[in-house]
Amino acid sequence: MAVQAGQQAQVPMTGVPPLYSDTPLAMIHTPKYETGNADPFTIEASHMALSHNSFIRGFNSIYQQAPRIKPTDSTDFVGYCLAWHDCVAEHHHYEETEFFTAIDKAVGEKGVMDGAVEQHAAFHDGLERFKSYLLEKGADFSYNELIAIMDSFSEPLYTHLKAEPPQILALSRFSTPERPIDIVAMALEAGKKSVTLKFVFNVLPVFLLNMETVDFEGGMWHNVFPPFNAAVKWVLTKAAPLWKRRQWRFASCTADGKVKQLAV
């Protein structure tokens, strides 16, 4: 059951924190899982759905644990929350400045993804209010106030996260034998431009450690997405997170992509 604002989430009588669950926001199925298709547009739309599910698990993990945070955990938890904000904000920034402009160029039209940009704007203020509140209050935040802020933008955020993969899938109408569009390569190239050393250590762990692939959709994405080789995956999911390991313990998944017991 989702924790509502003003409702204290209780640790079970055993004193053991609960297993993460997909509440209050549900996961999004990938187009590949739903259709069985494997064309480039279905694959890229599926990659986007998987990325969005990581954002959703991050949201849920904050929502579920906020009422149980003790003073000794507050600073680390606030850092985790701010990293989640930065991950979502950076993702949408790179889309608007790199990916969507590349799409416009490829299809020969401007504003093809304007609908997604408008959806970004619908939850932008709430997302920034989330960040501003945590920066102002720090370890003294009120879980009631934090959850109320999250409730204020959860609906437009979730609407967007569900709507964007089908928008990517629909771009297939612009790809022709004479003018093929390599949407997967475009997304990969645009995404690379947002990755810096600072991003790898301070933001990327909140994305990768909320990526459940072992059981989701029958495990069809395990060791497939994100598209890392074994060495790179080890560095990004196990080595880099050591830098702020107390912060990343609030994530919903293990480094191997399995849902785990929450930190609190």
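Along helix H4, the residues Ala116, Gln119, His120, Phe123, Gly126, Leu127, Phe130, Tyr133 and Leu134 are buried, a term that stands for under 20% relative accessible area with a 1.4 Å probe and protein chains only. The model is predicted, so that local features need pLDDT of at least 70 and side-chain atom pairs count only at pLDDT 80 or more, while totals for chains, interfaces and linings use all residues. Residues are numbered from 1 along each chain as its sequence is written, and side-chain values use heavy atoms, with hydrogens and water left out.

Helix H4 takes in residues 114-137, and its 24 residues reach 35 Å from first to last C-alpha, close to the 34 Å expected at 1.5 Å a residue, where the expected span is 1.5 Å times one less than the number of residues. Helices are DSSP runs of H or I with at least four residues, numbered from the N terminus. At phenylalanine 123, H4 bends by about 40 degrees, the bend being the angle between axes fitted to the seven residues ending there and the seven starting there. Among the elements that cover the buried residues of H4 are helix H2 (40-65), helix H3 (74-107) and helix H5 (143-169), with contact taken as heavy atoms within 4.5 Å. Just after H4, glycine 138 takes a positive phi of about 60 degrees.

In helix H6, which holds residues 183-192, the buried residues are Ile183, Met186, Ala187, Ala190 and Gly191. Because these residues cover an arc of only 125 degrees around the axis, they lie on the same side of H6; the arc is that of the directions from the helix axis to the C-beta atoms. The cover over the buried residues of H6 includes H2, H3 and H5.

Terms used:
Helix = DSSP H or I, 4+ residues; strand = E, 2+ residues; numbered from the N terminus. Buried < 20%, exposed > 50% of the residue type's maximum accessible area, 1.4 Å probe, protein only.
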